[in-house]
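Visitor: Could you take me through this model? I would like to start with a turn between strands.

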Amino acid sequence: MTDCTTPEAFLDGFQRMLADAAGTGRRLTREEIRSRRAHGARAAEAGHDWRSLVRAHLAAGREGWPRGADPAGVLTVVEQALDAFADGYESAQRLVIRKEEAARREFIDDLLHGRGDPGQLAERSERFGLRPSRAHAVAVAEGPVEYDESDPVPRRVADELFGRFENRRILFTTKHGRMVCIAPGDQDEVLTHFAKQAHAAAMGQVQVAVGRPRPGLGGIGHSYEEALNALDVAQRMALDEPLLRAADLLVFPVLARDRQALVDLVHSVLGPLERARGGAQPLLATLTAYFDSGCVAAAAPRQLSLSVRALTYRLARVHHLTGADPADPGHRYTLQTAVIGARLLDWPAKPLHPTGVSS
């Protein structure tokens, strides 16, 4: 009796069919073709590789070669049988791949969003190459368009990533139009390479954020959220660095954690700028450039296409309206924190609703 785990288990009836058809010169019947397809499908579902299956068919064909049969007729039957077998094998394999891909994406979704039973997640993680006991970090790449895994850019990034780190325990997918890479927390070179390849594949039009390494499978969702928050901060703060690290941007989520307190700070410190001719935006832009240049009055004007004299005048207006002097170290911290808060809140484009002030 043939072992059902060997390729030969899927040749049932092949030699008998070969002898009968080749001996009479007929072609395979519809039922014989159907049976060959069914055997091919079962072989794919059992996980057998195509090369071993073809080798088994050829060996069985040599062993069961009908005596005195026309070689051309025998080969025609073998070809017809293998073609039907391949059709069933490929159809089943495509279905297996689709199911495996769906399971992989569902698993990654559960990881990124912290869903599912921890025990079941741990069981599934080994199947997809993750070790539950390790810390992991997540990198997210956002480009000018939304990506799907079948698009050229993600395909190229995935090929480059797995081509270099084929034996590493990493995952790659697309989520909400962004490219996502999950890697062990102590293998920063994987995420750095992911960022480099994403940047190259998208012709420099992507920004990548990396969350901090977090322990356990539950930490993957936290690292993912940190990466998304870093991208959001970069957009609000007009940060154009190609690679952002959440660990370097921790001040921003700390400021934004108490939104109402931040609203009150911006309203209290910068609200008076709205009384200026032209509104608050020109003076806010002046403060932003001044602080970004390290409070160097000679460097900031170039960012604003202003003269040093014009910049000095604007800073004096800020002092007059707010009572806080940008050049005074004691006032500077409060002003700069308020300016950061304004950028996080998208003020003055969006109105503030401070405590005790009706909307």
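Guide: In the hairpin of E2 and E3, with 2 residues between the strands, His176 takes a positive phi near 50°. Strands here are DSSP runs of type E with at least two residues, and helices are H or I runs of at least four, numbered from the N terminus. This is a predicted model, in which local features need pLDDT of at least 70 and side-chain atom pairs count only at pLDDT 80 or more, while totals for chains, interfaces and linings use all residues. Residues are numbered from 1 along each chain as its sequence is written, and side-chain values use heavy atoms, with hydrogens and water left out.

Visitor: How many bridges join E2 to E3?

Guide: The two strands run antiparallel and are joined by 5 bridges; DSSP must find at least two for strands to pair. Lys175 stands opposite Arg178 in E3.

Visitor: Is E2 covered or exposed?

Guide: Strand E2 (residues 171–175) is mostly covered, with 5 of its 5 residues buried, meaning under 20% relative accessible area with a 1.4 Å probe, protein chains only. Leu171, Thr173 and Lys175 point one way, Phe172 and Thr174 the other. In a regular strand the side chains alternate between the two faces of the sheet.

Visitor: Changing topic, which residues touch the most other members of the largest nonpolar core?

Guide: Leu270 and Leu287 do, in a core of 56 residues. Such a core is a set of buried Ala, Val, Leu, Ile, Met, Phe, Trp, Tyr and Cys residues joined through side-chain atoms within 4.5 Å. H8 gives the most to this core, with 9 residues.

Methods: Buried means under 20% relative accessible area, exposed over 50%, partly exposed in between (1.4 Å probe, protein chains only).
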